[in-house]
Structures are given as structure tokens and as C-alpha cells.
Amino acid sequence: LLCYTVAMLPSGWLIDRWGARNALVAYGFASAGFVALTGCVGLIWHEAQGVWLGLLVVRSLMGITNAPIHPASARLVFTHVPASAKSLANGLVTFAACVGIAATFYVLGTLMDQWGWPWSFLICSGLTAVVASVCLLSTSSDAPATVSSGGKATVCTAPRLADMVRLLTRRNIVLITLSYAALGFFQYLLFYWIEYYFETIQKQGVEIARQYTTLTILAKGVGMVLGGWL
């Protein structure tokens with residue numbers, strides 16, 4: 001998570017220069033690779049220390065390659081969606097993320113029940129590579145982002161480093177960043193703890209824990225869409 005977080009700013013800068021579509025395609029194939037390597041760790045090492053070290057390295061590198069997904073998705077919405085629907089489109093993007101998170105409890109959980117966790121990650125890696133391939137083949141290169149000013153369209157250029165530093169001194173940027181930090185604390189607490197809470201603390205069993213956790217995260221996704229619409 002630390003590597004993922006630290007990589008967010010350079011990822012945003014690179015997206016502005018190289019394009020959101022290119023970043024998402026690279027992210028898709030890199031995710032497929034590192035998900036496969038996650039499974040390989042479990043197949044190669046069987047002692048706890050080796051598994052721990054292997055996962056630390058592989059998942060940290062995956063965090064860096066995953067950093068572009070949210071800023072790149074937001075950039076695509078900014079570039080291609082009309083102003084009247086940008087927030088709704090962003091809500092749909094984040095809803096899709098919640099659907100993916102919610103699906104892990106049943107999909108990955110069932111795969112692990114049947115095949116064990118290393119092979120489950122290898123299967124998911126193959127599916128991710130298919131999705132990345134579809135993205136590569138079915139989308140075109142990025143068009144430059146434009147904004148309307150006085151009835152004229154102006155092409156947005158990639159920001160300079162000095163522009164980025166000035167952004168970090170703006171009061172509104174600082175305040176919304178702090179609000180996201182507060183939200184992120186509770187969001188990750190929910191994602192990582194809630195299944196454990198239902199299964200271990202409430203002693204509801206694996207199936208009930210998966211069901212309740214899935215519903216909770218899907219509810220969050222529905223709220224994202226409604227929030228964007230509002």
C-alpha cells in the first residue's frame with residue numbers, strides 16, 4: 001500500500017504526458033504479470049519466511065504498477081465524457097471497482113477452496129491478461145484533453161514540475177487531499193476487516209461472512225453511482 005500510494009503522484013504526471021489509455025494498457029498487462037508471480041511465490045516457496053519475503057517484493061512492485069488506474073480512469077472521463085455526465089461516469093467507474101472488490105470474496109474464495117491460493121492467482125492472471133488484450137485491441141490512442149474557454153476549445157498540455165508544486169500549495173487542494181486521507185482510513189479498514197469481523201468475531205461462518213461482505217461493498221458502489229448522479 002505504501003508503494004502504491006507513493007507512486008500515485010508520478011503516475012499522474014506520466015499519464016498527463018503519455019496518455020491515460022497507454023497507462024491503463026500497461027497497468028493491465030503488468031497486473032497480469034504480478035498476479036501470476038503472486039501465485040508463483042506460493043508454488044516455489046513453502047516455508048513462511050520465503051512466502052512472506054516473496055509476497056512483500058511482488059506485491060510492492062504490483063502496487064507501483066497499479067497506481068495509474070484511478071488517475072488514468074479519471075483522465076479518460078475528463079477527456080471523453082460531456083461535462084453534464086462526468087460525475088456520473090466517475091461514479092460508474094468507482095462502482096465497477098467496488099464490483100471487482102466485492103467479487104473477490106465469492107470468486108477468489110471459491111477458487112481457493114477448489115484449487116488453493118497459488119493456482120487461484122494464476123487463473124486470475126490469465127483473465128486479467130485477456131481483459132488487457134481487449135483494452136489494447138479495442139481502443140485507440142489518446143486524444144488530447146480539451147477545455148472550453150469563451151466558446152473556444154483549448155488543448156490541455158502536460159503540467160511542468162513547477163506547476164505540480166504550486167498545486168500542492170493551493171488551500172482547496174490541500175483540504176480535499178486531507179478529506180480523502182480521512183475517507184481512505186475508514187475505507188481500507190472496512191475492506192480489510194469486515195469479512196474477518198463477520199466470520200471470526202461474529203462467528204457467522206465463511207458463507208455468511210462472504211455474503212455480508214459482498215453486500216456491504218456493493219452498497220458502497222451503488223452509493224458511488226447515486227453520488228455521481230446527484
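Reader: What share of the 230 residues in the protein is buried, and what makes a residue count as buried?

Author: In this predicted model, buried residues make up 26% of the 230 residues, and a residue counts as buried when its relative accessible area is under 20%. The protein comes to 10 helices and 2 strands, and its C-alpha trace spans about 60 × 35 × 35 Å along the principal axes.

Reader: Why is H6 called roughly antiparallel to H10?

Author: Helix H6 (residues 86-115) and helix H10 (residues 206-229) pack at an angle of about 170 degrees, and their axes lie 6 Å apart. Angles over 145 degrees count as roughly antiparallel, and therefore H6 is described as roughly antiparallel to H10. The residues of this contact of H6 with H10 divide into 15 nonpolar, 10 polar and 4 charged.

Reader: How do you know that Cys-124 is too far from the closest cysteine sulfur for a bond?

Author: The closest cysteine sulfur to that of Cys-124 belongs to Cys-40 and is 14 Å away, whereas a disulfide is a pair of cysteine sulfur atoms within 2.5 Å, so the distance is too far for a bond. The structure as a whole holds 0 disulfides.

Reader: Why does Cys-124 count as partly exposed, and what is the relative accessible area of Cys-3?

Author: Cys-124 has a relative accessibility of 21%, and because buried means under 20% and exposed means over 50%, a value in between is called partly exposed. Cys-3, with a relative accessible area of 31%, is partly exposed as well.

Reader: What makes Lys-203 count as exposed, and where is its place?

Author: The relative accessibility of Lys-203 is 67%, and the term exposed applies over 50%, so Lys-203 counts as exposed. Its place is in the loop between helix H9 (171-201) and H10, and the phi of Lys-203 is near 55 degrees, a positive value in a residue other than glycine.

Reader: How many residues of the lining of the second largest pocket are nonpolar, polar and charged, and which elements give two or more residues to that lining?

Author: About 210 Å³ of space lies in the second largest pocket, and of the 15 residues that line this pocket, the closest to its centre are Leu-14, Trp-18, Ala-23, Ala-26 and Pro-68. The elements that give two or more residues to the lining are helix H2 (8-18), helix H3 (20-44) and helix H4 (48-66). The lining divides into 11 nonpolar, 4 polar and no charged residues, where Leu, Trp, Ala and Pro are among the kinds that count as nonpolar.

Methods: Residues are numbered from 1 along each chain as its sequence is written. This is a predicted model: local features need pLDDT of at least 70, side-chain atom pairs count only at pLDDT 80 or more; totals for chains, interfaces and linings use all residues. Side-chain values use heavy atoms; hydrogens and water are left out. Axes are lines fitted to C-alpha atoms, for helices over the stretch in contact, and angles run from 0 to 180 degrees between N-to-C directions. Helices (H or I, at least four residues) and strands (E, at least two) are DSSP runs, numbered from the N terminus. Angles under 35 degrees count as roughly parallel, over 145 as roughly antiparallel, 65 to 115 as roughly perpendicular and the rest as oblique. On a 1 Å grid over the protein atoms alone, a cavity is a set of points where a 1.4 Å probe fits but cannot get out, and a pocket is an open set with protein on both sides within 12 Å along at least five of seven lines; lining residues have an atom within 4 Å of a point. Grid points are joined across faces, edges and corners, and a volume is the space filled by probe spheres set on the points. Buried means under 20% relative accessible area, exposed over 50%, partly exposed in between (1.4 Å probe, protein chains only).
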